[in-house]
Amino acid sequence: MIFTTINFVFFFAVVFCLYWFVFNRNTMLQNLLLLGASYFFYSFANLKILPIFVITSLVFYWLGIVISKSRNKRNRFLYELAGILFGLGALLYFKYSNFFISSFSELLETMGFNANLHTLKIIVPLGISFYTFRLLSYIIDIYRGKYEPARDIVGFLTYVAFFPCILSGPIDRPDAMLPQLAKKRVFDYQLAVSGMRQILWGLFKKAVIADFCNPLVNNIFNNYGSLTASSLVIGAVLYAIELYSDFSGYTDMAVGIGKLLGFRIAKNFNYPYFATSFADYWKRNHISLTTWFMDYIYYPLVDKSDKLWYWNLCMIITFILSGFWHGVGWNFVLWGLYQGIFIVISMNIQKSRKRFEKKHNLKNNAVYQWFAILLTFAIVSFGLIFFRADSLQTSFGYIARLFSSSLLSPPNYMGKLETLLLLIFIIPMFIVEWKGRNDDFGIEKLFVGKNVILRWSFYCVLFLTALYSLSLSDGAAKEFIYFKF
Amino acid sequence: MKKFFTKIFIFSGIVVIVLIAGLLLPATPKVSHSILFASLHKDSLLLYEREPRLILVGGSNLSFGINSQMLKDSLQMNPINTSVIGTLGIEYMLKNTQQYIKKGDIIVFVPEYPYFFNQDNQGSVELLRTLFDVGMPKYKLISPIQYCRMLQYVPKLALSRFDLMEYIRVQEDEIYSVNSFNYYGDTYTHWGKERVKFDAWPHINLKDYNPAFIESIIDFCKTAEAKGATVFISFPAEQDLSYYASEDAAKMVAMAFYDSGLKVIGTPERYVFPDSMMFNTPYHLNKQGVDLRTERLIEDLRETLGKSN
């Protein structure tokens with residue numbers, strides 16, 4: 001079920017009313033309702049994936065208890081290892097087995113063998129990458145003694161399946177969510193209003209910006225061979241905007257829905273395109289995933305080493321794994337490598353850059369800051385070509401053409417007028433986000449405490465524009481990009 | 001909580017007001033040349049055309065598939081091709097025609113097969129646009145269930161009135177335009193044009209069969225006959241590949257016509273045409289196909305009318 005469909009609106013309206021008017025007597029009832037609603041939401045597209053999800057959750061619930069109960073250090077480690085292998089094994093099997101089979105088959109063929117390997121007919125459980133990471137962090141943290149395991153099975157299952165976050169995160173940590181699930185939620189007007197605003201902003205970013213960018217980007221990437229380099233530059237920039245609007249739009253809606261149910265979900269984006277360096281970008285972008293990789297991959301890899309080259313290597317490995325987590329294909333691995341290399345460069349020049357800024361008094365220089373922002377955005381957008389391309393070959397083809405002599409020729413792709421009109425929405429979106437960059441989301445405090453007519457008119461324009469954009473697809477709502485990961 | 005719901009209610013109210021305002025605004029320049037506006041001329045023909053009249057009712061299969069001049073010359077009747085687009089739905093087409101029936105009218109109704117296997121008859125965006133773009137007086141012809149189904153298209157239509165592109169990019173389509181019809185109501189601007197590449201239609205799932213529309217056709221026939229008109233049911237012209245992919249569906253529909261005692265002329269197979277006679281969809285004929293289909297319809301009508309005389 002997609003947030004932007006009428007099905008979801010009805011589903012959520014029913015859940016909301018039951019949650020606050022019928023099941024509001026105690027925590028257990030509220031959690032039971034959320035669990036039932038989450039399982040319904042999860043299995044809406046395909047009921048077959050639900051048992052896998054429930055069984056996996058129960059296994060991790062049990063592992064959490066046995067790790068905690070076990071007094072023997074070796075046993076604790078073995079249980080933790082079993083959990084990691086089980087979680088990663090399921091992820092590798094469902095998400096990557098066909099990739100490995102086809103890659104191996106191609107390798108054998110290039111070596112001259114006649115490989116006749118068949119791919120498997122597997123239904124990939126929705127959100128598997130997200131819930132696996134949530135479950136892994138749970139048992140690893142219990143093993144590390146960070147917190148006690150959940151005893152309340154309903155609360156635990158609700159945490160894993162919580163419907164606003166199940167499909168594409170944010171990957172909330174157990175210590176952030178489980179205490180909230182253990183407490184009775186009381187309706188908080190301010191939180192609910194903030195949630196509505198956040199949903200509205202997310203809806204606008206997804207339905208208007210991302211969905212309008214999508215056909216233009218598809219057109220450019222599908223026909224890159226016949227387009228000028230200037231068109232390809234526009235394609236890469238539009239894709240960067242589409243990806244951000246789509247994913248941060250989804251996240252804003254998920255967090256907003258959480259607020260309506262009385263939860264505070266972790267912030268996943270902190271205006272990444274206003275980052276002034278690549279390292280800064282990764283502190284602001286997909287925060288819950290980045291911190292997950294840092295906490296459970298990078299820091300354990302670095303351990304107590306004091307060698308800079310080793311730190312750098314670990315960072316590159318971490319980002320390659322992050323690329324592989326994102327998608328099935330070598331282009332994602334290359335995207336991860338690209339991120340790793342640039343973050344290492346960014347971190348290694350940080351000190352000298354700070355000295356340079358101090359020496360030339362650039363810290364508060366707007367021109368310098370904007371140059372840094374645009375440079376970071378350019379590096380990010382270029383890297384996303386690997387992320388968007390269907391294959392490694394396509395990404396190389398796109399990049400090769402990008403550096404051709406036609407860079408100075410006018411763009412020749414279909415939809416130039418649409419792109420110009422799209423700027424009517426893109427530019428204000430970034431202005432709003434810039435103004436609200438110190439807040440949780442773009443419009444959190446915009447026009448708040450000012451003229452109520454102005455504020456409500458603004459909300460109506462956002463909503464109606466989004467509604468119109470959604471209506472143009474005649475009910476065939478476009479999925480969020482991160483659903484496929 | 002009360003305050004929260006009050007605000008939600010007020011916000012929803014504002015949205016509804018904007019949508020209603022959008023619906024009431026005139027059609028945008030972009031849609032003012034739409035084929036739906038052809039129904040104005042067709043309705044005036046239904047109202048004023050002299051007897052003896054031959055009224056053709058159906059979807060675009062009929063507007064892209066008939067040469068009315070041939071009908072006029074052969075049958076010595078005044079043809080009125082009322083067809084615009086199939087998604088207006090059986091119920092609307094029949095109810096609209098019903099208003100204008102006169103004694104002695106010969107009506108040929110050509111329902112397209114998919115009508116009986118989907119829900120488009122219950123309200124489409126084209127029907128909503130006919131109401132609000134073309135003109136409001138048709139609102140009585142729409143059933144409550146159609147109104148309910150059309151609700152989903154209200155944002156699209158209402159908010160399109162505020163869409164800048166609807167005013168900037170105004171280009172009249174050569175084939176799908178109010179000006180693509182001749183005096184009788186046939187689409188003719190594609191005659192002599194190159195074939196456009198298209199795919200054959202997939203198999204129609206028999207499980208989706210909805211016989212309810214047969215009842216609507218029977219009711220229409222009874223009303224028309226009470227007014228002194230005669231109604232014949234004919235079959236749509238279809239590309240051979242698409243027809244044979246769903247032959248069972250076509251036969252199922254034909255059987256339902258026969259079983260209901262409707263006056264059926266011809267057979268589904270008579271209106272199956274080779275791919276070379278199609279224009280841009282498996283239901284739209286080119287000029288060669290149009291002429292052949294019209295000849296066959298003339299033969300079927302002559303045979304039936306001859307018998308009844």
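Predicted model: local features only at pLDDT ≥ 70, side-chain atom pairs only at ≥ 80, totals over all residues.
**Stop 1**

Begin by selecting the strands of chain B that form an open sheet. The sheet contains four strands in the order 2-1-3-4, and their pairing is parallel. Strand 2 (78–81) and strand 4 (230–233) of chain B are at the edges; each has a single partner strand, so one side of each is left without a neighbour in the sheet. From one strand to the next, the twist averages 20°.

**Stop 2: strand 1 of chain B and its partners**

Select strand 1 of chain B, residues 53–58. With strand 3 (residues 106–110) of chain B, this strand pairs in the parallel sense over five bridges. To view one of the paired positions, select Ile55(B), whose bridge partner in strand 3 of chain B is Ile107(B). Strand 1 of chain B also runs parallel to strand 2 of chain B, and four bridges join the two. Here Leu54(B) may be selected together with Pro79(B), its bridge partner in strand 2 of chain B.

Is strand 1 of chain B largely enclosed or left open by the rest of the structure? Six of its six residues are buried, so strand 1 of chain B is largely enclosed. In a regular strand, side chains alternate between the two faces of the sheet. Colour Arg53(B), Ile55(B) and Val57(B) for one side, and Leu54(B), Leu56(B) and Gly58(B) for the other; both faces are covered, and all of these residues are buried.

**Stop 3: helix 10 of chain B**

Next, show helix 5 (residues 90–98) of chain B, which packs against helix 10 of chain B at an angle of about 5°, with the axes 10 Å apart. That angle makes helix 5 of chain B roughly parallel to helix 10 of chain B. On the side of helix 5 of chain B, the contact is made by Ile90(B), Glu91(B), Leu94(B) and Gln98(B); helix 10 of chain B contributes Phe213(B), Ser216(B), Phe220(B), Thr223(B) and Ala224(B). Five residues of this contact between helix 5 and helix 10 of chain B are nonpolar, three are polar and one is charged.

**Stop 4: where the chains meet**

Display both chains. How many residues of chain B are in contact with chain A? There are 13, and they touch 13 residues of chain A. Helix 1 (2–24) and helix 8 (154–160) of chain B each supply at least two residues of the side of chain B that touches chain A. The largest share of that side, five residues, comes from helix 1 of chain B. By type, the residues on the side of chain B that touches chain A are nine nonpolar, one polar and three charged.

**Stop 5: helix 2 of chain A**

Move to chain A and select helix 2, residues 27–43. Its 17 residues should span 24 Å at 1.5 Å a residue, which agrees with the 24 Å between its end C-alpha atoms. Among its buried residues are Leu34(A), Leu35(A), Phe41(A) and Tyr42(A). What covers the buried residues of helix 2 of chain A includes helix 1 (6–22), helix 3 (49–69), helix 6 (153–161) and helix 7 (174–182) of chain A.

**Stop 6: helices 4 and 5 of chain A**

Select helix 4 (residues 73–110) and helix 5 (residues 128–143) of chain A, whose axes come within 10 Å and cross at roughly 175°. Helix 4 of chain A and helix 5 of chain A are therefore roughly antiparallel to each other. Residues that meet here include Ile84(A), Leu91(A) and Phe94(A) in helix 4 of chain A, and Leu135(A), Ile139(A) and Tyr143(A) in helix 5 of chain A. The residues of the contact between helix 4 and helix 5 of chain A comprise 10 nonpolar, four polar and three charged.

Helix 5 of chain A is mostly covered, with 14 of its 16 residues buried. Just after this helix, select Gly145(A), which takes a positive phi of about 75°.

**Stop 7: Phe212(A)**

Finally, select Phe212(A), which lies in helix 8 (residues 189–222) of chain A. Why does Phe212(A) count as buried? Phe212(A) has 23 C-beta neighbours inside 10 Å, and the cut-off for a buried residue is 20 or more. Leaving aside neighbours within four places in sequence, Phe212(A) is in contact with Leu422(A) and Ser469(A). Show Phe425(A) as well: Phe212(A) and Phe425(A) are 213 residues apart in sequence, and their C-alpha atoms are 9.9 Å apart in space.

Notes. Residues numbered from 1 in each chain as written. Chains lettered and ligands numbered in written order. Pairing = 2+ DSSP bridges. Axes fitted to C-alpha atoms, helices over the stretch in contact; angles between N-to-C directions. Contact = placed C-beta atoms within 7 Å. Nonpolar A, V, L, I, M, F, W, Y, C, P; charged D, E, K, R; others polar. Expected span 1.5 Å × (residues − 1). Buried ≥ 20, exposed ≤ 12 C-beta atoms within 10 Å, placed from the backbone. Parallel < 35°, antiparallel > 145°, perpendicular 65-115°, else oblique.
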